[in-house]
Amino acid sequence: MKGKLPAHGLKLSFEPYNLKLKHVFTIANSSRTTTPVVLTKLECGGYTGLGEASLPPYLGESQQTVSEFLSRLNLEQFKDPFRMDEILEYVDEAAPGNYAAKASVDIALHDLVGKIMGQPWYKIWGFSSENTPNTSYTIGIDKSDVVKEKVNEAAEFKILKIKLGRENDKEMIETIRSVSEVPLCVDVNQGWKDKKMALDMVMWLKEKGIEFVEQPMPKDRTDDIAWLTENSPIPIIADEAVQRLCDVKQAVGIYTGINIKLMKCTGMREAHKMVNLARTHKMKVMIGCMTETSCAISAAAQLSPKVDWADLDGNLLIDNDPYTGVKIVDGKITLQDMPGIGISNS
């Protein structure tokens, strides 16, 4: 560490920013061409930590709600950024909900502390960069010709994530299989309503080389999902059903594994705890994302050496990323040996 930290506290600043998607992004129940975010900064002793809140509409947060939440925080009362538990407990207790807003502070604080220490977080946590998985690349629901174009654009990726949940599910898979034989995983976003139909689809998908199915049915249909998981030949992963640490135990016996997203769980601190808790219950773990800049993606990537699967392509789906961070080399997450979360301005 260089020198002593100053007597004054943490200085938080933030600004809205709109991500422009390369393609229209369609899932089971919505489509969009942009994603609003809020970019944050935490300053202390000449160091600056960077954070982000990504705000896809279905999360229920907006640039306005994030700005209002962050404006209410008094982080200047904290003069030592290393008191991370105390700081982030204060942020979490400031108001209910606001998970992405809280994540934006958490990420910036981790980046700040990592920079002060001069180490990336994967090293601080004791992880090996050699153990990072391949990341999937997401293909949204679309017309056949556009789907084929997207698959061709994703030629370097070793696994593709396919959005399903509408009436053309089989057509989507058949279209992709007509141009690619790479392993696939699918995300149904709660789109299937009948458990027997869901099992028939899972059996069919298994024959098509699908590795796992993410959130196939509405999250409140726990008995049906447990039945599906018990009878499925491939893993069934919770997404919408698991947001925070308290949700992990409730998923045991219902799902094979969980998808952890920083924007849902309030950031890196809680995501790290969720990985450890899921492992104690012998559950599979995936680290996922929203449409995000390289800031939040690089933050999530610090956890990637400890997960089974990664879906950290959110920054690759946009064409106005203000940062440079984690790289994808031949489909594999490649962590930067830079302090904090490992990003710089583009």
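On helix 8, the face turned away from the buried side carries Asp223 and Glu230, both exposed (exposed is over 50% relative accessible area, buried under 20%, partly exposed in between, with a 1.4 Å probe and protein chains only). This is a predicted model, where local features need pLDDT of at least 70 and side-chain atom pairs count only at pLDDT 80 or more, while totals for chains, interfaces and linings use all residues. Residues are numbered from 1 along each chain as its sequence is written, and side-chain values use heavy atoms, with hydrogens and water left out. Helices (H or I, at least four residues) and strands (E, at least two) are DSSP runs, numbered from the N terminus.

**Helix 8**

- Helix 8 spans residues 222–231, and its buried residues are Asp224, Ile225, Leu228 and Thr229.
- They sit on the same side of helix 8 because they cover an arc of only 135° around the axis (taken from the directions from the helix axis to the C-beta atoms).
- Helix 7 (195–207) and strand 8 (236–238) are among what covers these buried residues.

- Strand 2 (residues 30–44) and strand 3 run antiparallel, joined by eight bridges; strands count as paired if DSSP finds at least two bridges between them.
- Across that pairing, Thr40 stands opposite Gly51 of strand 3.
- Two residues lie between the strands of the hairpin, and Gly45 takes a positive phi near 60°.
- Strand 3 (residues 47–54) is mostly covered, with seven of its eight residues buried.

- Eight strands make an open sheet in the order 4-5-6-7-8-9-10-11, with parallel pairing.
- Strand 4 (137–139) and strand 11 (309–310) are the edges; each has a single partner strand, so one side of each has no neighbour in the sheet.
- Strand 4 runs parallel to strand 5 (residues 160–163), with three bridges between them.
- Tyr137 has Leu160 in strand 5 as its bridge partner.

**Glu292**

- What does Glu292 have for a charged partner? Glu292 is buried yet has no salt bridge, and the nearest side chain of opposite charge, Lys261, is 8.0 Å away (a salt bridge needs a side-chain nitrogen of Lys or Arg within 4 Å of a carboxyl oxygen of Asp or Glu).
- Glu292 is found in the loop between strand 10 (284–287) and helix 12 (294–301).
- A polar atom of the Glu292 side chain lies 3.0 Å from the backbone nitrogen of Met290.
- Leaving out residues up to four places away in sequence, Glu292 touches residues including Glu52, Ser54, Met263 and Asn315 (contact means heavy atoms within 4.5 Å).

Terms used: Lys and Arg count as positive and Asp and Glu as negative; His and the chain ends are not counted. A polar contact is a pair of N or O atoms within 3.5 Å; within protein, one must be able to donate a hydrogen and the other to accept it, and residues adjacent in sequence count only if both atoms are side-chain atoms.
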